[in-house]
Amino acid sequence: MKYISTRGQAPSLSFEEVVLTGLASDGGLYVPEKLPEFSREEIASWAGLSYQELAFKVMAPFVDGEIPDDDLRGLIDKAYQSFRHQGIAPLVQTGHNEWILELFQGPTLAFKDFALQFLGHLLDYILQKRDQKVVVMGATSGDTGSAAIEGCRRCENIDIFILHPHNRVSNVQRRQMTTVLEDNVHNIALDGNFDDCQNMVKASFADQSFLPEGRQLVAVNSINWARIMAQIVYYFYASLALGGPHRPVSFSVPTGNFGDIFAGYLAKRMGLPIDQLVIATNSNDILHRAISNNDHSKQELQHTLSPSMDIMVSSNFERMLFDLYDRDGAAIAKLMEDFKSGAMHLDDKALARARELFASHKVDDARMLEVIREVFERTEYLLDPHTAIGVDAARATRRSKDVPMVCLATAHPAKFPEAVQKAGQEEDPKLPHHMADLFDREERYEVLPNDAETVHEFMRSHLAC
């Protein structure tokens with residue numbers, strides 16, 4: 001299996017190379033040269049498999065033998081050992097044919113654990129084999145950082161630096177990152193918003209001359225292909241649990257950086273019968289505007305009660321555009337240049353394809369709080385703000401009540417007590433037992449200006465391994 005850049009000017013890479021590379025040298029993102037496809041009979045034969053067994057079936061074709069099967073199975077088993085629920089991704093019913101897929105059963109209570117627990121073990125495996133040390137650099141709007149740190153904290157060959165927007169993540173999200181005190185873990189609170197953090201990371205990958213000789217940056221953001229690959233699995237898992245592939249299933253996805261819903265699109269391309277894919281956005285609605293009005297223009301970022309979706313530059317949308325434009329790298333490079341100047345517009349053919357593939361809906365804070373309240377009053381099930389946005393978008397765009405609608409629950413409500421209280425809950429939702437002392441733990445992080453030279457000097461001077 002070879003991987004190619006969305007902009008068409010970078011060399012193709014093997015699986016292990018693409019895991020260590022992140023951004024392509026031409027600024028694009030890597031995607032498989034060809035997707036594996038499964039017949040309905042093959043998918044049906046997976047009914048009853050454990051999550052780990054299913055993950056091997058879905059991911060092995062992307063690895064294409066570069067990692068021996070037994071080793072790959074071992075990495076998958078280790079990745080999901082720390083999940084609190086034996087089902088790994090349990091489903092909870094909240095209405096007629098309406099289901100919540102609980103993706104917050106991992107160690108940091110967010111869906112990012114599915115990919116980043118696996119990626120941490122995968123990186124350690126590859127680096128030990130190559131006798132190589134690397135620097136992981138990532139940006140987070142709240143959940144990626146803690147999941148990446150949890151996945152990499154025990155890796156002997158990795159120094160990890162995570163940038164989060166100062167005072168723009170929840171207290172729980174911040175403390176999940178900053179109370180990890182291993183010598184190889186470094187948290188930077190950047191004076192800016194998430195897009196500033198993400199731009200800093202992208203610029204650093206483009207010019208890595210600030211690193212000591214022999215070191216390279218590795219991405220843990222969803223620009224890393226291995227993260228997308230791992231997220232494809234739970235679409236198959238949920239579908240099989242609800243009667244797939246013999247019946248179609250729909251999914252509503254709280255969407256910021258487009259990686260999670262892109263994984264759903266890939267699952268559909270690989271043969272999973274998916275009826276609808278719903279892009280659910282908060283007030284930072286660039287993706288909803290792009291689909292509904294062909295308006296992919298940057299606007300001022302708003303600080304909302306669903307901070308993990310406070311994103312105006314959705315990196316993984318480029319991967320989607322690559323398919324919408326028949327994998328024309330030159331066309332994608334031109335579109336991304338347009339966007340860098342402020343706005344881009346899809347041509348009629350690409351826009352029609354996008355609208356065939358996706359529905360979209362925007363939910364503001366006021367409506368999101370109403371949904372948390374309404375669902376709790378009817379079911380006593382407490383949603384986090386991001387999941388509430390997914391539920392409302394599902395209900396607003398749903399075509400058929402005969403088709404199961406699965407709303408991806410991307411985080412545990414305890415991570416967002418402000419939103420939960422504003423929705424009418426008298427007490428903060430309790431953190432799980434393993435995190436009960438979170439607010440008593442020592443914190444360590446550095447507040448730095450939005451200045452690349454300052455950040456790079458901090459990184460140089462804090463390399464541990």
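Modeller: Let me start with Trp99, which counts as buried because its relative accessibility is 18% and buried means under 20%. Please keep in mind that this is a predicted model.

Colleague: Where is Trp99 placed, and what is Trp99 in contact with, leaving aside its neighbours within four places in sequence?

Modeller: Trp99 belongs to strand S4, residues 98-102. Beyond its sequence neighbours within four places, its contacts include Leu91, Val92, Leu242, Pro404 and Cys407. Ala55 is 44 residues from Trp99 in sequence, and the two C-alpha atoms are 21 Å apart in space.

Colleague: What makes Glu16 count as buried?

Modeller: Glu16, found in helix H1, has a relative accessibility of 6%. The cut-off for buried is under 20%, so Glu16 counts as buried.

Colleague: How do you know that a polar contact joins the side chains of Glu16 and Lys129?

Modeller: The contact between these two side chains is 2.5 Å, and a polar contact needs a pair of N or O atoms within 3.5 Å. Glu16 is also in contact with Glu66, Ile67, Ile126 and Arg130, once neighbours within four places are left aside.

Colleague: Why is Glu337 called partly exposed?

Modeller: Its relative accessible area is 43%. Buried would be under 20% and exposed over 50%, with partly exposed in between, so Glu337 is partly exposed. Glu337 has its place in helix H13.

Colleague: How do you know that the span of H13 is close to the one expected?

Modeller: H13 covers residues 329-340, twelve residues in total, and reaches 16 Å from its first C-alpha to its last. At 1.5 Å a residue, 16 Å is expected.

Colleague: Which residues of H13 are buried, and what puts them on the same side?

Modeller: The buried ones are Gly329, Ala331, Ile332, Leu335, Met336 and Phe339. They span an arc of only 155 degrees around the axis, and therefore lie on the same side of H13. These buried residues pack against helices H11 (286-293) and H12 (317-324), and against strands S11 (296-297) and S12 (343-344). On the face turned away from the buried side, H13 carries the exposed residues Ala330, Lys334 and Lys340.

Colleague: What caps the N-terminal end of H13, and which residue with a positive phi follows H13?

Modeller: The cap is Asp328, with a side-chain oxygen 3.2 Å from the backbone nitrogen of Ala330. Following H13 is Gly342, with a positive phi near 135 degrees.

Colleague: Why is H12 called largely enclosed by the rest of the structure?

Modeller: Eight of the eight residues of H12 are buried, so H12 is largely enclosed. Among them are Glu318, Arg319 and Asp323, along with Phe317 and Leu321. H12 is followed by Asp326, which has a positive phi near 55 degrees.

**Rings and cores**

Colleague: How many aromatic pairs does the structure hold, and why is the pair of Tyr3 and Phe15 called tilted?

Modeller: There are 20 aromatic pairs. The ring centres of Tyr3 and Phe15 are 6.4 Å apart, with the planes at 50 degrees, so the pair is tilted. Stacked planes would be under 30 degrees apart and edge-to-face planes over 60. Tyr3 is in strand S1 and Phe15 in helix H1, twelve residues apart; both are buried.

Colleague: What makes the pair of Phe258 and Phe358 edge-to-face?

Modeller: Their planes have 65 degrees between them, and the centres are 5.8 Å apart. Edge-to-face planes are over 60 degrees apart, and centres must lie within 6.5 Å. This pair links parts of the chain 100 residues apart: Phe258 in the loop between S9 and H10, and Phe358 in strand S13.

Colleague: Which residues have the most contacts inside the largest nonpolar core?

Modeller: Phe118, Leu122, Phe236, Phe251 and Leu321 do, in a core of 114 residues. Helix H9, residues 225-241, gives the most to this core, with twelve residues. A second, separate core has 27 residues, including Val363 and Leu382.

Definitions and conventions: Residues numbered from 1 in each chain as written. Predicted model: local features only at pLDDT ≥ 70, side-chain atom pairs only at ≥ 80, totals over all residues. Heavy atoms only, no water. Core = buried A, V, L, I, M, F, W, Y, C linked by side-chain atoms within 4.5 Å. Buried < 20%, exposed > 50% of the residue type's maximum accessible area, 1.4 Å probe, protein only. Helix = DSSP H or I, 4+ residues; strand = E, 2+ residues; numbered from the N terminus. Expected span 1.5 Å × (residues − 1). Arc of directions from axis to C-beta. Contact = heavy atoms within 4.5 Å. Polar contact = N/O pair within 3.5 Å; in protein donor to acceptor, adjacent residues only side chain to side chain. Phe/Tyr/Trp six-rings, centres within 6.5 Å; stacked < 30°, edge-to-face > 60°.
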